[in-house]
Amino acid sequence: MIPPSEMVTALAGILASGRMSAAILRTLRIVGIALVASIIVGFVLGALLHALPRIRRTVDPLFATYYAIPIYAFYPLFIVLFGLGDVPILIIGFLLAVVAMIISTLNGFDRIPPVLLKTARMYRMRRVRTALRIMMPCAAPYIFTGVKLAVAYSFIGVIGAEFIMSGSGMGYEIAFAYSNFDNQIMYPLIMLVLVLVTIINMVLHSWEKILFERRRRR
Amino acid sequence: MVTRGRDIAVLIVVILLFWQGLHQFTGTGLLTAPLDTFARVLRLLGTPSFWPHLNESASAFLRALAIAVGVGLTVGIVLGAHRLSGEVAEPILVALYSIPKVTLYPVVLLFFGIGMPAKVAFGAIHGVVPISIFAMNAVRNLNPIYLKTAQVLKLGPWATARKILLPAALPEIFTGLRVGFSLTLVGTLIGEMFGSQRGLGHLLMAAIGLYRMDTIMAITLLLVLFASAINSILLVVDHRLHRRV
């Protein structure tokens, strides 16, 4: 174990030399794609399920057990199906994130006070207008919670999959440095991942707090 | 209850049909059909060389779970009882919950060496965080009137803990145990998928090299069935506990 001060200087050296830039950018790109896909798909599916209560009741047990299932167990399957590239990693990140987004979207729409929907009907608002003016603003903070979770989960999924088996990316570089006993690279990279993800999560967490705070004041 | 059972049955049928459809769509060699996969599970369970791996995984998981529950409950209850410590520790625990803990696995491996202890430690790291968060909140959010009641009834500390605190905090603590159970399983499995020579995770990774799709799918199915069966039981207990309060 090398001292933290040394990790920081080594990390600065690695970042300045630019030899990890490709791996870092690749990981961030895959996380970004998985995140955007899971947010869009999760929101659309959540909204659809909210509109179709019969189907929602049927798939509800799936959501209840979803996060109990070790998603990584599917990773070997995806590798054999799609080859050892970006796709299986992307799918793991997406699968881990999308259900959090679906559940949060459902939760957000569930919490719209019925009186607001009645008001919309009194004003004879059209469905699209009701959705844009009443449902979305009202559900937004809860949906944002889903976004926050999706960010955390897509990082966990992508870096985890890269670590277990892949050919590049931050997770791979950490595993590779470990196999070569290269502590001068391994510890700084671990630190980079942990610091980066913690900062992103904390920013989202405080933003979420502000959103809910504003809701309470009204 | 009856409609819920029917919903689950419908869901399972839909998943099986979807799986069979994928199998037909991708061609016979690529994705093993549901029935063949179940047959493969049975054949694996009948193979003597499979059992040491299953035992290895099971014992690693159970040890990790025991550590996660023991440490998690102790940490959570202490943090919940002491307000300042709880307020300091909460953001740290939440941050720990949402980082990719897999990056810490090399450090765990360097500490414990490759083998059983590293897997147990890594599984326990995953499970301990949610268990302590839930236990902390359970103790912290106890209604103060319960404690006053205990004082009025002149209950001793032991009786207070057993008759009042435990029943009041149990539902929330149990939810933490349920989440901790799943995450411990994930952690143990990741521990086996990287740098391990034994266990189900290792078998899964080894099957990629051998291109044994049926083995991969059979082990994945086994894990999914195990995880969702236990989780469903825990969910039922969880709902019951929450309804009682």
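Predicted model: local features only at pLDDT ≥ 70, side-chain atom pairs only at ≥ 80, totals over all residues.
Chain A has nine helices and zero strands, and chain B has ten helices and zero strands. The model scores ipTM 0.86 and pTM 0.90.

**Confidence**

- The mean pLDDT of chain B is 90.
- In chain B, 98% of the residues reach a pLDDT of 70 or more.

**Chain A overall**

- Read from the N terminus, the elements of chain A follow the order α-α-α-α-α-α-α-α-α.
- The C-alpha trace of chain A spans about 70 × 40 × 25 Å along its principal axes.
- Chain A has 218 residues, and buried residues make up 42% of them.
- Of the contacts in chain A with a separation of 6 or more, 78% are between residues 24 or more positions apart.

**Chain B overall**

- Read from the N terminus, the elements of chain B follow the order α-α-α-α-α-α-α-α-α-α.
- The box filled by the C-alpha atoms of chain B, taken along the principal axes, is roughly 70 × 50 × 30 Å.
- Chain B has 245 residues, of which 39% are buried.
- Of the contacts in chain B between residues at least 6 apart in sequence, 80% join residues at least 24 apart.

**Where the chains meet**

**Helix 4 of chain A and its cover**

- Helix 4 of chain A covers residues 75–82, and its buried residues are A:Y75, A:P76, A:L77 and A:I79.
- The cover over these buried residues includes helix 5 (86–110) and helix 7 (127–164) of chain A.
- Chain B also takes part in this cover, through its helix 9 and helix 10.

**The largest nonpolar core**

- The largest nonpolar core has 119 residues.
- The members that touch the most other members are A:Y72, A:I92, A:A97 and A:A150.
- Leaving out residues up to four places away in sequence, A:A150 touches A:L35, A:S38, A:I39, A:G42, A:A97, A:A100 and A:M101.
- As a general point, nonpolar side chains tend to be buried together in soluble globular proteins.

**A helix pair in chain B**

- Helix 4 (residues 83–97) and helix 6 (residues 116–140) of chain B have axes that come within 10 Å and cross at roughly 145°.
- The crossing of helix 4 and helix 6 of chain B is left-handed.
- From helix 4 of chain B, the residues in this contact are B:G86, B:L93, B:L96 and B:Y97.
- From helix 6 of chain B, they are B:V129, B:P130, B:S132, B:I133, B:M136 and B:R140.
- The residues of this contact divide into seven nonpolar, two polar and one charged.

- Most residues other than glycine have a negative phi.
- A:F181 is not a glycine, yet its phi is positive, near 55°.
- A:F181 lies in the loop between helix 8 (170–179) and helix 9 (183–217) of chain A.
- A:F181 counts as exposed because it has 9 other C-beta atoms within 10 Å, and the cut-off for exposed is 12 or fewer.
- B:K154 is also not a glycine, and its phi is positive at about 55°.
- B:K154 lies in the loop between helix 7 (144–152) and helix 8 of chain B.
- B:K154 counts as exposed because it has 7 C-beta neighbours inside 10 Å.

**A residue in helix 9 of chain A**

- A:R215 is found in helix 9 of chain A.
- A:R215 is partly exposed because 13 other C-beta atoms lie within 10 Å, a count between the cut-offs of 12 or fewer for exposed and 20 or more for buried.
- From C-alpha to C-alpha, A:R215 and A:L204 are 17 Å apart in space, and they are eleven residues apart in sequence.

How values were computed. Residues numbered from 1 in each chain as written. Chains lettered and ligands numbered in written order. Helix = DSSP H or I, 4+ residues; strand = E, 2+ residues; numbered from the N terminus. Contact = placed C-beta atoms within 7 Å. Axes fitted to C-alpha atoms, helices over the stretch in contact; angles between N-to-C directions. Left-handed = near helix turned anticlockwise from the far one by under 90°. Nonpolar A, V, L, I, M, F, W, Y, C, P; charged D, E, K, R; others polar. pLDDT = per-residue confidence, 0-100. Core = buried A, V, L, I, M, F, W, Y, C linked by C-beta atoms within 7 Å.
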